[in-house]
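Please look over the sequence and the structure below before reading the notes that accompany them.

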Amino acid sequence: MHRRVAPLALTAAVAVWLASPGLPVFPRKTDSPPDSRVRQWKLPLYFIENRGQADPRVRYYLQGREASAYFTAGGMTVTLQARFRPAADDPSAAPPGWALKLEFAGGREDVQPEGAGRTPAAVSYFNGPRERWKTGLATYAAVRYRDVWPGIDVLWDGADGRLKSTYIVRPGADPSRIRMLWRGASGIRLGADGELLIETPAGAFAEQRPVAYQDIGGRRREVAAGYRIEDGAYGFHLGEFDPARELVIDPLVLLYAGYLGGAD
């Protein structure tokens, strides 16, 4: 019997229990053969449109085995399931989790996500009576927020079963305005290799060290890039680049250590 997860928890900084009615998630299979688990991570990520099966604030969402991401106005909410087994004397106990939201600090609070790259896959939910069924829901390869800061878009898509963000800075825009804030995180810090470490009571994950570039004359020119942490939010420090040309800061992969990926 599948456990069910609450569709959205926007009140970050408080623990959530992933056992209330709502979107289905798939239970962890600790006895699955290792090779089958590896194959699951190679499944593509599908961003599913919300047509009433989730909280109305959600436009698109992405479901994984141990985490889900919900894209709403002004940012993304992530629910994480803690990585531990229930007590032996209570095997039915639901494992606790944690919700946190990634906000565009100083960006447009009303900016809405848009589905990009519709895929041939469709999703259907057959929960409850027939009138509550949701069928043929569209899925997308990416979700895009346009002009979060003047002239700067934020794109989320998948890479090797992980959630990846890309910042697209159009000519004349100021990348120093990019500031992201993880509400609900216990803390953020830089790792030894320049990655960004995000700590939560349900476990830690990281965003890889950023890579920035510009395409000039048919050739890709790399721009030095790293994270900058200030007042609990993070942005980027960059080397020299041509402000008259588009700048891409990419990839920033959320390394969930198995959190996000294909379902069982």
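The report below turns to confidence, then to a hairpin, and then to one residue in a strand.

## Confidence in the model

This is a predicted model, and its protein chain has an average pLDDT of 78, with 74% of the residues scoring at least 70.

Two stretches call for care when the structure is read. Over residues 84-88 the pLDDT stays under 50, and the model has six contacts beyond four places in sequence for them; over residues 257-264 the pLDDT also stays under 50, although the model has 38 such contacts beyond four places in sequence there.

Strand S17, which covers residues 212-216, runs antiparallel to strand S18, which covers residues 219-223, and the two are joined by five bridges. Within this pairing, Asp-215 has Arg-220 of S18 as its bridge partner.

Two residues lie between the strands of this hairpin, in which Gly-217 takes a positive phi near 60 degrees.

Phe-236 belongs to strand S20, made up of residues 233-238. Is this residue buried or exposed? Phe-236 counts as buried because its relative accessibility is 4%, and the cut-off for buried is under 20%.

Beyond its neighbours within four places in sequence, Phe-236 is in contact with several residues, among them Tyr-167, Ile-178, Pro-210, Tyr-227, Ile-249 and Leu-252. Ser-176 is 60 residues away from Phe-236 in sequence, while the C-alpha to C-alpha separation of the two in space is 6.9 Å.

Note on methods
Residues are numbered from 1 along each chain as its sequence is written. This is a predicted model: local features need pLDDT of at least 70, side-chain atom pairs count only at pLDDT 80 or more; totals for chains, interfaces and linings use all residues. Side-chain values use heavy atoms; hydrogens and water are left out. Two strands pair if DSSP finds at least two bridges between them. Helices (H or I, at least four residues) and strands (E, at least two) are DSSP runs, numbered from the N terminus. pLDDT is the predictor's confidence in each residue, from 0 to 100. Contact means heavy atoms within 4.5 Å. Buried means under 20% relative accessible area, exposed over 50%, partly exposed in between (1.4 Å probe, protein chains only).
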